[in-house]
Amino acid sequence: THCVSGCVCPHNKVLDGKGHCIAPEECPCVHNGNFYNPGESIRVGCNNCTCRNRKWHCSQEPCLQTCSVYGDGHYTTFDGKRFDFEGDCEYVLVQNYCGQQSTGNQETFRVITENIPCGTTGTTCSKSIKVFLGVSIFFHKCDGHSDVIQRAPGGKMPFQIRSMGIYLVVDTTAGLILMWDKKTSIFIKLSPSFEGHVCGLCGNYDGNGNNDFTTRSQSVVGNVLEFANSWKVSSSCPSANGTKDPCTANPYRKAWAQKQCSIITSEVFAKCHSQVEPNEYYQACVDDACACDTGGDCECFCTAVAAYAQACNELDICISWRTPSICREFHSTMI
């Protein structure tokens, strides 16, 4: 707090750091270097926190955690572990039946993404989604084609599909929400009831990012390739064997990529920088902008910036960064 006890103030008064004496309950609270007056509220995750008597008093609602995948194989697990992986196959992002574990929930789910090449440097991007919910299967491709392959008995579906801005949103009854831009960005939100009971490229959701590299055989490994290749859907698919530096392969694109991606570290996102570290997102943006050399370079850039904007939005920091000349947004119709 900015207030400290001082003998220059009358009894039961403290200095406010500006030479004024105030009652202790009038002192501000601090969050990420910012000062908030008594009665002011902020959003932390899914909870509201209010400043009272120099302390934050927060609601205790259980929050959904998010796993994200975007661009040229950039992953962030439910527990916040970031890694890059480029593989040209179908992979399990998350499922809730892992070994002998059981959540006690009758519904089971599995989310699979297909990665395909989107550049000449070995770059891969997520281009289709399959969501398995019990006996129902929802399938969507980036060309806009959607299909419910199998329906539940009685025709009742365990999910609803809607559009929200650029995202296709799948709300399920199992406690899973999926958001997809129908291109290369996927966000999976999962109920806390599944903590420690899921597996896949999104990790095990147990609050510890250090053990997120758990293979299909439930072994914790340190190598991202060993971990990620174990989650191939088909064993006949080739294993990924490393990553390349796209800006070294396409040096003529590097200056353009750095200039475009600097929006992430600019004043445009200034109010988010203290909440979500921007440099990793900036570097991922530069890599993707260099990699997309077979068309769609602006799409790769826009996806990378949108991923940072979405991470800010998760903390209720909304940034209006799109303009008519920068990643103009086209609103889709409701499904």
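# Cysteines, strands and a pocket

Student: Why is C89 called buried?

Tutor: The relative accessible area of C89 is 3%, and buried means under 20%, with exposed meaning over 50% and partly exposed the range in between, all with a 1.4 Å probe and protein chains only; C89 is therefore buried. This is a predicted model, in which local features need pLDDT of at least 70 and side-chain atom pairs count only at pLDDT 80 or more, while totals for chains, interfaces and linings use all residues. Residues are numbered from 1 along each chain as its sequence is written, and side-chain values use heavy atoms, with hydrogens and water left out.

Student: How do you know that a disulfide joins C89 to C237?

Tutor: The S to S distance of C89 and C237 is 2.0 Å, and a disulfide is a pair of cysteine sulfur atoms within 2.5 Å, so the pair qualifies. The torsion about its S-S bond is about -115 degrees, so the disulfide is left-handed. C89 sits in the loop between β11 (82–84) and β12 (90–95), and C237 in the loop between α1 (224–229) and α2 (246–249), so the link ties together parts that are 148 residues apart in sequence.

Student: What makes the disulfide of C46 and C63 left-handed?

Tutor: The torsion about the S-S bond of C46 and C63 is about -90 degrees, so this disulfide is left-handed. C46 lies in the loop between β6 (41–44) and β7 (47–52), whereas C63 lies in the loop between β8 (55–58) and β9, 17 residues apart. Their sulfur atoms are 2.1 Å apart.

Student: Which residues form a disulfide with their sulfur atoms 2.0 Å apart, one of them being C98?

Tutor: C98 and C199 form that disulfide, a left-handed link with -95 degrees about the S-S bond. It connects distant parts of the chain, with C98 in the loop between β12 and β13 (109–117) and C199 in the loop between β20 and α1, 101 residues apart. The structure holds ten disulfides.

Student: What makes β9 and β20 a pair?

Tutor: Two strands pair if DSSP finds at least two bridges between them, and β9 and β20 have five, in the antiparallel sense, so they qualify. Among these partners, Q65 is bridged to L190 in β20. β9 also pairs with β10 (residues 74–76) in the antiparallel sense over three bridges, and S68 stands opposite T76 in β10. In the hairpin of β9 and β10, with three residues between the strands, G71 takes a positive phi near 60 degrees. Five of the six residues of β9 are buried, which leaves the strand mostly covered.

Student: How do you know that T303 is in contact with G71?

Tutor: Contact means heavy atoms within 4.5 Å, and, leaving aside neighbours within four places in sequence, T303 meets this for Y70, G71, D181, T184 and S185. T303 lies in helix α6, and its relative accessible area of 5% is why it is classed as buried.

Student: What residues line the largest pocket?

Tutor: The lining has 29 residues, of which Q65, T66, A311, E314 and L315 lie nearest the centre of the pocket. Elements giving two or more residues to this lining are β9 (65–70), β20 (186–190), α5 (279–291) and α6 (297–313). A pocket, on a 1 Å grid over the protein atoms alone, is an open set of points where a 1.4 Å probe fits, with protein on both sides within 12 Å along at least five of seven lines, and lining residues have an atom within 4 Å of a point. About 640 Å³ of space lies in this pocket, a volume being the space filled by probe spheres set on the points.

Note on methods: Helices (H or I, at least four residues) and strands (E, at least two) are DSSP runs, numbered from the N terminus.
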